[in-house]
Amino acid sequence: MGTEYWGWAGEAHLREHGESGGAVSGLLASVLSSYDEVIVIRKTGTVFEAEVHTLDSPQGIARVQGALHAVSIELSHYLQLGRKTAIVLKPCEARAVIENIKRNHVRREDVLLIGLNCGGTLPPVKTKEYLRSQFGVSPGDIAKEEIAKGNLIFFTTDGQELSRSIDELEEAGYGRRESCRYCDVKIPSMCDIACGNWGTPAEKHITFLEVFTDAGAAALEAAVDGGYVSVSEPGEKLAAVRKKIEGIMVKMAKGWQEKMLGPFMAMEPKERLDAIHAALAPCIGCYACRKACPVCKCGDDCKCFQADPDDQLPISMFHAVRFLHLMESCVGCGQCSDACPMEIPLAHLHQLFAKAYEGRTGYKPGMSCGDIPPLSRGDFPEGY
Amino acid sequence: MISLKVTNSHCPGCSLLCGVQMIEREGLLDVEFMKDCDINSGKLCRFGIELARYYGELQTSALAGGREVSYEEAVTLAAKALSSSRGAGVALCTGDATTEELYALSLFADAAGLATTLGLGHHMHAVGLEAFHKTVTHPDVLDHAQMIVLVDIDPAYQYPLLARRLMLVREQGTTIVSIGPEKEHLSFYTDARYPCHPSRTVDALRAFVEHAMPHALYVVPCGMYGDAALTAQVNNICAATSSRALFVTDFANVRGGLALGMESLSHGIDGLVASIEAGDVTSLVLVESPLFSSYLDDARFWAACETLDALVVLQSHRCEAYPPNAIVLPLPPFYQRKGTLRNVCNRRLVLSGEAEGAVAVLRDLGAAMGHGLSPFDAVAKEARSLCDAWYETVATFTPVELPPQAGVEGPCHRYVPNPYLVRGMPNPRSKRVGLDLYAVAKGKERYVIREDVAEDVVFAYEKDPRYTLPLQPYE
Amino acid sequence: MTFEPKIIAFLCNWCSYGAADMAGTSRLQYPPNVRIIRFMCSGRIDPNFVIEAFLRGADGVMMTGCHIGDCHYIDGNYKTVHRYEFLKDYLDTLGIGSERLTLAWCSAAEGAKFAQTVADFTEQIRRLGPSPFKERGQ
């Protein structure tokens with residue numbers, strides 16, 4: 001549990017144009033003085049188009065987009081060892097960074113993790129198709145999207161507001177990405193600072209900030225001292241509302257876990273093996289899943305990579321080893337499913353393993369740098 | 001200052017032109033998935049994943065007479081060689097270029113008195129350019145077809161992102177049928193399969209017409225080594241059943257070139273080599289042509305090229321070696337160029353780089369020879385209006401006479417040239433078989449003959465008794 | 001034909017291989033179903049080896065090493081324990097079943113224990129039947 005604030009940008013321009021009062025933009029402007037670079041997502045066109053961007057001066061901060069729900073670029077790929085970086089992340093990306101820190105790909109003291117509360121992201125192509133077919137709106141006419149109170153809301157450039165219940169959408173096969181539906185980390189407590197608009201008065205543009213670490217506290221203090229961000233005590237009632245929103249979201253996610261992973265776990269072992277085998281059968285060995293995976297960083301030396309993909313084994317060693325490695329590190333970001341050209345539900349399969357392990361041991365990847373990955377443990381084993 | 005540059009681009013691997021973001025970070029190039037791209041939802045095949053490696057093998061310097069020279073010197077030498085050439089000349093492009101570059105090439109060729117062609121492969125002469133014109137279909141043709149017939153194509157292996165589209169349209173209720181040698185992944189997206197030996201695919205196709213729905217869509221691969229008779233047969237079926245055909249090519253922007261009226265090689269690359277050997281063609285301008293590294297009969301091609309008066313190669317991807325008389329002018333890599341592309345579904349796509357690519361090089365070359373070339377924007381405008389006009393014409397298929405089939409055993413289906421092989425990057429999934437066959441094939445004819453291949457290399461259709469049975473759908 | 005299990009045993013050089021040796025020199029009878037692969041330390045047994053053994057048709061896999069505290073590399077077998085525990089969950093989730101994997105400590109003097117462990121494990125695998133991978137005819 002961190003220290004909670006309400007915050008907004010000190011500069012009028014950022015306060016106007018930044019999301020939720022521009023506290024994150026203000027924070028980034030301040031952080032630039034003590035970090036080498038800031039990695040963010042920048043909108044390049046419609047709300048579906050964005051690219052990774054590095055900032056090294058306060059110019060252009062207003063163009064930075066915090067929460068583009070229809071963009072799920074994995075930013076943790078862009079961290080480099082030995083460089084002081086501040087990075088704005090969704091919870092899954094933050095968890096991936098933590099997993100990388102555990103494996104010495106990144107140093108904790110080098111990175112400032114600014115987390116964003118996340119209720120889920122949308123698959124861009126499917127969402128565009130939905131907009132066209134259900135609302136008759138061209139995706140280019142969307143000025144802003146938002147997920148609020150269980151609804152997905154689109155604001156068009158001519159001021160229309162199109163809204164649908166997320167549950168309804170997801171029943172129809174649209175809505176959030178599948179991995180987001182059952183993701184149960186909504187507030188990134190592994191970050192230095194978690195930001196979001198949950199728990200803020202609706203009529204005011206402010207950001208709810210929760211500071212978890214000393215580095216986060218120092219960054220925020222510097223921002224306040226420099227006049228980049230202003231903070232106040234949060235309203236107690238609304239802070240409780242934030243917790244409540246998180247609770248509802250997590251409960252929903254658990255429901256989805258039951259729905260999507262439950263049937264797999266309920267199978268007989270033999271059936272499950274057959275199901276996994278059948279799911280992997282279309283694999284064409286392109287390695288896109290490995291390329292997209294934010295925790296898989298071994299490079300060409302990885303054990304999964306040394307297996308001959310044409311080994312004719314019932315499940316290729318490539319997948320078998322990846323299941324093993326990701327059982328202790330899968331953060332459930334869904335990038336592998338997104339990248340698979342044969343539409344194999346890889347994220348489901350990896351989560352099946354990770355959640356089974358989590359269920360038995362309580363080890364949840366990417367939550368704390370202090371957790372030792374189970375496969376790297378060498379401490380005295382109790383009970384042997 | 002830490003540099004990070006993102007370029008929205010399209011993969012040059014095949015005519016699907018999947019969207020991809022190229023990221024340059026401190027001198028390192030990497031690929032980022034472009035998830036908002038309607039064509040592929042950001043998904044990429046092995047070639048796309050390895051694009052950074054493909055772009056890493058660049059032709060960076062100008063060459064003449066086997067040694068590095070300055071760009072200006074190479075341009076002067078090339079202009080001199082082209083002007084002094086005795087006989088006819090050919091300007092050939094594979095289609096790995098923007099529409100603007102292709103148009104600039106045809107403008108340059110007109111001025112220099114060369115014939116322009118697209119290096120599509122030896123089998124398009126069977127039906128001629130007309131067939132390609134008549135494949136004009138509206139965008140998203142795959143999504144609207146009621147029945148899709150895959151003819152001797154292995155989408156999961158050759159065009160994985162096409163396979164994905166097939167899987168998706170099948171979920172929408174489209175019937176998908178396959179004719180040709182059995183392939184590994186076909187069962188995931190076909191409703192019926194008519195397996196047959198490669199040499200009997202044409203007959204199988206003829207027999208299939210009986211069951212064919214009208215208004216079907218025939219998907220046919222159209223690489224450098226396709227089968228002429230097959231293409232002609234598809235053409236005839238389309239004419240008879242008012243169906244359409246989707247010729248999937250290994251090169252990026254073939255559609256753009258055809259729309260500009262560039263000819264397909266009238267007798268294939270073989271024909272071109274024969275004309276060079278006969279002395280009919282004495283100068284050759286190659287733009288983005290992988291012929292020196294991937295044309296199987298390259299020893300003959302190489303020897304023919306050495307007899308040319310002028311051999312000018314505009315190339316971005318490095319070939320291992322060039323004939324000694326080649327004058328090589330480097331081009332920027334595909335993703336750095338600006339311009340437009342047309343993909344297999346006739347969508348107009350934009351490359352958002354900054355370099356003019358071959359347009360600039362051809363302009364310099366033209367200037368050295370005494371002809372001018374308009375500025376880029378003017379070229380782009382003209383090219384676009386020509387393209388649009390072509391796409392507005394509605395064409396129908398007319399039957400053609402079937403050309404004789406190649407009298408050899410037929411290509412092993414495992415060795416179907418695909419983006420990986422055409423661009424010198426073997427697919428790791430079939431690394432063993434593919435490379436063995438590639439090595440065998442490179443030294444021999446383009447068709448692999450059983451006796452030439454080691455015992456342990458399996459021709460997939462040999463293994464399966466089904467190929468000896470009469471034609472009928474199974475399972 | 002009765003089912004004869006195929007079992008891969010990963011043995012450490014110093015203790016359990018010694019135990020197997022002891023079993024042999026003591027003329028102890030144990031089932032011939034076990035194929036022994038020797039490692040310098042049970043801590044070298046990469047989980048991949050176990051998985052590959054199953055994928056390549058093993059019905060059961062044994063991991064054996066020195067007793068805790070007796071490892072010649074001091075704490076190599078601590079790692080073995082953690083990997084074993086992890087692999088059990090993995091095999092359960094994959095559907096092979098953790099009962100096809102066993103961990104046993106045998107010192108170089110425990111020839112009889114080694115023979116008994118092999119006999120018991122073989123019996124266990126015989127009861128379980130062929131590995132599910134085998135049933136698909138691989």
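Student: Before we start, what does buried mean here?
Tutor: Buried means a residue has under 20% relative accessible area. Keep in mind that this is a predicted model.

Student: OK, so is A:Glu210 buried or exposed, and why?
Tutor: A:Glu210 counts as buried because its relative accessible area is 1%, and the cut-off is under 20%.

Student: Which residue does A:Glu210 meet in a salt bridge?
Tutor: That's A:Arg242, with 2.8 Å from N to O. The pair links distant parts of the chain, 32 residues apart. A:Glu210 sits in strand E11 of chain A, while A:Arg242 is in helix H8 of chain A.

Student: And A:Arg242, buried or exposed?
Tutor: Buried: A:Arg242 has 0% relative accessibility.

Student: Switching topic, which residue of chain B does A:Lys128 bridge to?
Tutor: A:Lys128 forms a salt bridge with B:Asp38, and their closest N and O atoms are 3.5 Å apart. A:Lys128 lies in helix H4 of chain A and B:Asp38 in a loop of chain B, so this pair joins two chains.

Student: How accessible are those two?
Tutor: A:Lys128 is buried at 8% relative accessibility, whereas B:Asp38 is partly exposed at 31%.

Student: What about A:Arg107, what's its partner?
Tutor: A:Arg107 pairs with A:Asp110 in a salt bridge, the closest N and O atoms being 3.6 Å apart. A:Arg107 is partly exposed at 40%, but A:Asp110 is buried at 10%.

Student: Which residues are linked in a network of salt bridges?
Tutor: A:Asp184, A:Lys254, A:Lys355, A:Glu358 and A:Lys364 are.

Student: Last one: how many salt bridges over all chains?
Tutor: The structure has 45 of them over all chains.

Terms used. Residues are numbered from 1 along each chain as its sequence is written. Chains are lettered from A and ligands numbered from 1 in the order in which they are written. This is a predicted model: local features need pLDDT of at least 70, side-chain atom pairs count only at pLDDT 80 or more; totals for chains, interfaces and linings use all residues. Side-chain values use heavy atoms; hydrogens and water are left out. A salt bridge is a side-chain nitrogen of Lys or Arg within 4 Å of a carboxyl oxygen of Asp or Glu. Buried means under 20% relative accessible area, exposed over 50%, partly exposed in between (1.4 Å probe, protein chains only). Helices (H or I, at least four residues) and strands (E, at least two) are DSSP runs, numbered from the N terminus.
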